[in-house]
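Let's take a walk through this one together, starting with a helix and ending with a sheet. Have a look at the picture first, then read on.

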Amino acid sequence: MKLRYFSHSAFQLTTGSGKSILIDPFLDGNPTSPVKSKDISADYIILTHAHGDHIGDAFSIAKRCNSLFICVNELANYCASKGFKAHNMHIGGSHNFDFGKVKFTIAHHGSITPDNTYAGEPAGVIISIDGKTIYHTGDTGLFYDMKLIGELNSIDCMLLPIGDNFTMGIDDAVKAVEFVSPKTAIPMHYNTFPVIQADPEEFRKKAESKGIKVRVLKFGEEINL
């Protein structure tokens, strides 16, 4: 399986069988993304919440690719109301898709669409594919139940925000990886806008001093998991 980071909170997972799963595809309006939505295809689109910098270009990609949305109930209903296919889920629930298993977790944030429609609870998401488990925390503050998430799941790769202001900052993110104890942590949601400027190398050094391996991905970089 391959993981590609576009910047902000936008990622693409590509399975061994060639399935493409996008998470929070904010590309065209994202000043740090090296790719545009027209260059990306998706069989599935997972949205952690409804803010414009996370829904991003999901609708234009889904229209072109006939993608299936996977998100919490209210946001899935919103996507369906726009004419798209959607699989409704909610926090604590899991479902097996043809590419793997998806489970939503809590996240401490907000969720409203760009047109001011309430979109349910924000979420994190645990995705198990090809023997690997990825935990995308979504936009969130630090919470102690992250420790429980780490106890219940063997997380290979944790994707978590470090940009502060709207989410965890670096020090809280370090505590989050201590709670979850993933094999590798990858920082996200930083340097997109001036208010969320952060140094991923500072996060890496502080997390690695706690025994957690960190991989800082360049914007647009793809790695094998």
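A quick definition before we start: a residue is called buried when its relative accessible area is under 20%. Keep in mind, too, that this is a predicted model.

Now find helix α6, which spans residues 200–208. Its buried residues are Pro200, Phe203 and Ala207. Viewed down the axis of α6, these buried residues fall within an arc of 55°, so they line one face of the helix. The spacing makes sense in general terms: an α-helix has 3.6 residues a turn, so residues three or four places apart point the same way. And what covers the buried residues of α6? The cover includes strand β11 (157–161), helix α5 (170–180) and strand β12 (184–188).

Seven strands make up an open sheet with mixed pairing, in the order β6-β5-β4-β3-β2-β1-β13. At the edges stand β6 (85–89) and β13 (222–224), each with a single partner strand, so one side of each has no neighbour in the sheet. From one strand to the next, the twist averages 20°.

Strand β5 (residues 68–72) pairs with β6 in the parallel sense, over five bridges. Within this pair, isoleucine 70 sits opposite histidine 87 in β6. Lying across both β5 and β6 is helix α3 (residues 73–81), which runs at about 145° to β5.

Definitions and conventions
Residues numbered from 1 in each chain as written. Predicted model: local features only at pLDDT ≥ 70, side-chain atom pairs only at ≥ 80, totals over all residues. Heavy atoms only, no water. Buried < 20%, exposed > 50% of the residue type's maximum accessible area, 1.4 Å probe, protein only. Helix = DSSP H or I, 4+ residues; strand = E, 2+ residues; numbered from the N terminus. Arc of directions from axis to C-beta. Contact = heavy atoms within 4.5 Å. Pairing = 2+ DSSP bridges. Axes fitted to C-alpha atoms, helices over the stretch in contact; angles between N-to-C directions.
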